[in-house]
Amino acid sequence: MAEIEKQKDNNKEKEKEKVAAAVVQIEQEGLPKTIVRRLVKDKLSQLSTDTDISLLRDSLLGFSESARIFIHYLSATANDICKQSKRQTINTEDVFKALEEIEFPEFIEPLKASLEVFREKNSKRKSASSKSTESNKKAKVKEPVENGKGKMKEQPSDNENEEAQAVEEINEVEDSVDD
């Protein structure tokens, strides 16, 4: 009898280890927990009159896994549409058609609006960064420096180089935060 109980306990332990390993794998492949938590809390606070909403770890894992599966399903459908068009790159129209095909047409208009806002922000940022790099290129020190071919050229000052690098680093950080 005691031996049977030990086997049952061992089986339960092995099952728990498998479940824990599966949870770790899902978390590694899944979406960032903080972003999922923030999105879920924002949406629930819009729908609920209670201001204090708490979420269990399992519910966040469920939301994250559901979103991951939806993204995989949508991207696979968009990929099929793309291949039917004999192309290798998925474009926005493929995603919109995929949303219709998987019966989520109500997502298309909000997605188009968000995409337009995103494109406007990017175009403003790109134009601002290109203006700053152009102004840095125009502002050169009058010190002539030999360029190795016997000709003299103007060299930008160290401060201008540092400013240009700082602006580029700021733009890269902003781009990564928006993505």
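Before checking a helix length, I wrote down that the expected span of a helix is 1.5 Å times one less than its number of residues. I also noted that this is a predicted model.

I looked up α3, and it has 28 residues. From its first C-alpha to its last it reaches 41 Å, close to the 40 Å expected at 1.5 Å a residue.

Whole chain. I then stepped back and found six helices and two strands. Along the sequence they run α-α-α-α-α-β-β-α. Of the chain's 179 residues, 15% count as buried.

The pair. I read that two packed helices are described by the angle between their axes and the distance between the axes.

Who touches whom? On the α3 side I listed F70, L74, T77, A78, I81 and C82. On the α4 side I listed D94, V95, K97, A98, L99 and E101. Sorted by class, this contact has eight nonpolar, one polar and three charged residues.

Burial. I checked α3 for buried residues, and L74, T77, A78, I81 and C82 are among them. L60, S64, E65 and R68 of α3 are buried too.

Last stop. Just after α3, I found K86 with a positive phi of about 60°.

How values were computed: Residues numbered from 1 in each chain as written. Predicted model: local features only at pLDDT ≥ 70, side-chain atom pairs only at ≥ 80, totals over all residues. Heavy atoms only, no water. Contact = heavy atoms within 4.5 Å. Helix = DSSP H or I, 4+ residues; strand = E, 2+ residues; numbered from the N terminus. Nonpolar A, V, L, I, M, F, W, Y, C, P; charged D, E, K, R; others polar. Buried < 20%, exposed > 50% of the residue type's maximum accessible area, 1.4 Å probe, protein only.
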